[in-house]
Amino acid sequence: MKDIHQKRTFRLILLVFAFSLVLVPFSTCPPESFGDEALPQSGTLHSEDYNPLIIYYSRSGNSRIVADTLTEHLACPVENIKSTKNREGFLGVFTCVLDQLLDRDDILEPLKTDPKNFNPVILVTPVWVGKLASPARTCIKQPEFEGKDIYLVITYNGSLTEDKEKVLKEEISSQGITLKGTYKIITKEKTEDEIKKEVR
């Protein structure tokens, strides 16, 4: 009986891992924005009604490159979303996939910067298994983001279907947030300099 239970558990783990191999990699396609508005120009920074904050989550480092490049050009504060979960190595990837498939929230370290003092917020995050990465998804559920204008910048390895794009938008809008624009940056097989060039 114990052997049967162990075999079933092992099969379940293999099944989840197989899903991760199928769903996480995306085929490449040309990047394009699907927001109607462009990011505001740096000349309007820190006016009475415009005081932007960049927040980002990055596991592999690609979203960090995007956020740092935006910060250089917009001259505004940047905040790193930090997960308390171990997301490194193979077990980390397994945790990420499970969080996405089960739609589990993350447990985050508190933000050092209070989003209430800023608007808009530019959220830079990877997409995992067709959804916003769990740490970023959890972050914007906090009450501090309600009523904020959000510009979403996603990093990913390939294409997103129209249905998945719609889900991403609805996921943010459902938090009482106004989504001002969404922008896609494909990072697959790109160097840091190539990513920076695309951001600029």
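Helices (H or I, at least four residues) and strands (E, at least two) are DSSP runs, numbered from the N terminus. This is a predicted model, in which local features need pLDDT of at least 70 and side-chain atom pairs count only at pLDDT 80 or more, while totals for chains, interfaces and linings use all residues. Residues are numbered from 1 along each chain as its sequence is written, and side-chain values use heavy atoms, with hydrogens and water left out.

Let us begin with charged partners. A salt bridge is a side-chain nitrogen of Lys or Arg within 4 Å of a carboxyl oxygen of Asp or Glu. How many salt bridges does a search of the whole structure find? The search finds seven.

In one of them, arginine 64 pairs with aspartate 68, with 3.5 Å between the closest N and O atoms. Both residues belong to helix H2 (residues 62-74) and are four residues apart, about one turn of the helix. An α-helix has 3.6 residues a turn, so residues three or four places apart point the same way. For accessibility, buried means under 20% relative accessible area, exposed over 50%, and partly exposed in between (1.4 Å probe, protein chains only). Arginine 64 has 34% relative accessibility, so it counts as partly exposed; aspartate 68, at 28%, is also partly exposed.

Helix H6 (residues 192-199) holds both lysine 196 and glutamate 192, four residues apart, about one turn of the helix. Their side chains meet in a salt bridge at 3.4 Å, N to O. Glutamate 192 counts as partly exposed because its relative accessibility is 38%.

## A buried pair

Arginine 87 forms a salt bridge with aspartate 106, and their closest N and O atoms are 2.9 Å apart. This pair links distant parts of the chain, 19 residues apart: arginine 87 is in the loop between strand E2 (78-80) and helix H3 (89-101), and aspartate 106 is in the loop between H3 and E3.

## A lysine without a salt bridge

Now visit lysine 148, in the loop between H4 and E5. Lysine 148 is buried yet has no salt bridge; the nearest side chain of opposite charge, aspartate 114, is 7.0 Å away. Here Lys and Arg count as positive and Asp and Glu as negative, while His and the chain ends are not counted.

What does the side chain of lysine 148 reach? It reaches the backbone oxygen of lysine 116 at 3.1 Å. Contact means heavy atoms within 4.5 Å. Leaving aside neighbours within four places in sequence, lysine 148 has contacts that include Pro115, Phe118 and Ile177.

Helix H5 (residues 162-173) has 12 residues, and at 1.5 Å a residue it should span 16 Å; its end C-alpha atoms are 16 Å apart, which agrees. The expected span is 1.5 Å times one less than the number of residues.

The buried residues of H5 are Glu165, Leu168, Glu171 and Ile172. Seen down the axis of H5, they fall within an arc of 125° (taken from the directions from the helix axis to the C-beta atoms), so they line one face of the helix. These buried residues pack against several elements, including strand E3 (121-128), helix H4 (134-139) and strand E6 (178-186). On the other side of H5, Glu162, Asp163 and Lys166 are exposed.

How values were computed: A polar contact is a pair of N or O atoms within 3.5 Å; within protein, one must be able to donate a hydrogen and the other to accept it, and residues adjacent in sequence count only if both atoms are side-chain atoms.
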